[in-house]
Amino acid sequence: MPRLPLTVYLCLFICSFLVRLRYSHAVTQYLLKRLAGMIPLLFGITIISFGMMHLAPGEPVVVGQEFNPKVSAQDIERLRAYYGLDKPLHEQYLNWLNRLVVLDFGKSFSADGRDVIDKISERIPVTLWINILAMLLIIIIAIPIGIISAVKRDSWLDKCMTIFVFIGFAIPSFWLGLLLMISLGVNMNLLPISGLHDYNWQQMGFWQQQADLMSHLLLPIFVSAIGGLAGMSRFMRSGMLEVISSDYITTARAMGVPEQSIRYRLALKNALLPIITLLGLSIPGLIGGSVIVEQLFSLPGMGLLFFEAVMSRDYPLVMGITVIGAVLTLLGNLIADISYAWADPRIRHGRNG
């Protein structure tokens, strides 16, 4: 059975999602237009990425072979012909694009010569789990902190949280990771500092394996979440302050609506709109933001794989990861639009005001 293009799978998923949500015709039409516009935008991203990757100095058949006396110029030319690097750049791109539309990302230029999709499918679960758990941690902690800071504006609690936010913004993730590794991992021996599991993981029981896995993921998840936690709590505070000072909130108070209902039923949904934007834009950071964390904690994820592919000029692998990152970016923006329709009834019913 032939594999369908990636965009077809994406269209089917979004269409079924819209049908289940029963959005208005205007919103559905708008989102379908956005979905159709994603296709040429995705191709534009691939063209720019493909050109920039080939403009970088060094070729995969040359990197690491410059000082090898056993590799002659004829050997390098044969390798260039074998990988198709002797063809014009536009012809290389069209050949790659023809494979992409049937979800064939090609074979890696590395020594193992494995399919790109296989190497990505092995690494992407680690990156997704770390970043999804980090995002859940951010949401669970940042939103209550932002609400409390807005409700208790200018109190000592609000000032303490503001200090915490600025510290979270100022601390580099790699420095914080090293500090935690030294203090909690080396000095106190409380948490492991590298890898996904211990050497005797296969001999453990099921629940012991899960506990061991979580102990290895605690530090990477915390380091990944600390910067976003600080930023999102500040955005939540600003959005909540803006909403609770609106005229309709003042009217609700004058009508005797309980304060709890005003905060958590009337104000919260509108205050979540900037948070929805941040969450949509944070989806592409699942790969790019994982490079430092995965390199620091020696985790076999997509970020580390992307770094290794760039350093070795593995063009098919770099382009495969780039395409996934581009799809995540476009999908994140679309999810943000759908979430707007959930949070704001005016958007859901196709009204502007």
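Visitor: How many nonpolar, polar and charged residues are in the lining of the second largest pocket?

Guide: This is a predicted model, in which local features need pLDDT of at least 70, side-chain atom pairs count only at pLDDT 80 or more, and totals for chains, interfaces and linings use all residues. Residues are numbered from 1 along each chain as its sequence is written, and side-chain values use heavy atoms, without hydrogens and water. The lining has 9 nonpolar, 8 polar and 3 charged residues. Here Ala, Val, Leu, Ile, Met, Phe, Trp, Tyr, Cys and Pro count as nonpolar, Asp, Glu, Lys and Arg as charged, and the others, Gly among them, as polar.

Visitor: Which residues lie nearest the centre of that pocket?

Guide: Y83, G84, R99, F109 and P316 lie nearest the centre of the second largest pocket. A pocket is an open set of points on a 1 Å grid over the protein atoms alone, where a 1.4 Å probe fits, with protein on both sides within 12 Å along at least five of seven lines; lining residues have an atom within 4 Å of a point.

Visitor: Which element gives the most to the lining?

Guide: Helix α4 does, with 4 residues; helices are DSSP runs (H or I, at least four residues), numbered from the N terminus.

Visitor: Changing topic, at what angle do α5 and α8 cross?

Guide: The axes of α5 (residues 116–151) and α8 (residues 206–244) cross at roughly 35° and come within 6 Å. Axes are lines fitted to C-alpha atoms over the stretch in contact, with angles from 0 to 180 degrees between N-to-C directions.

Visitor: Which classes make up that contact?

Guide: The contact of α5 with α8 has 21 nonpolar, 5 polar and 1 charged residues.

Note on methods
Helices (H or I, at least four residues) and strands (E, at least two) are DSSP runs, numbered from the N terminus.
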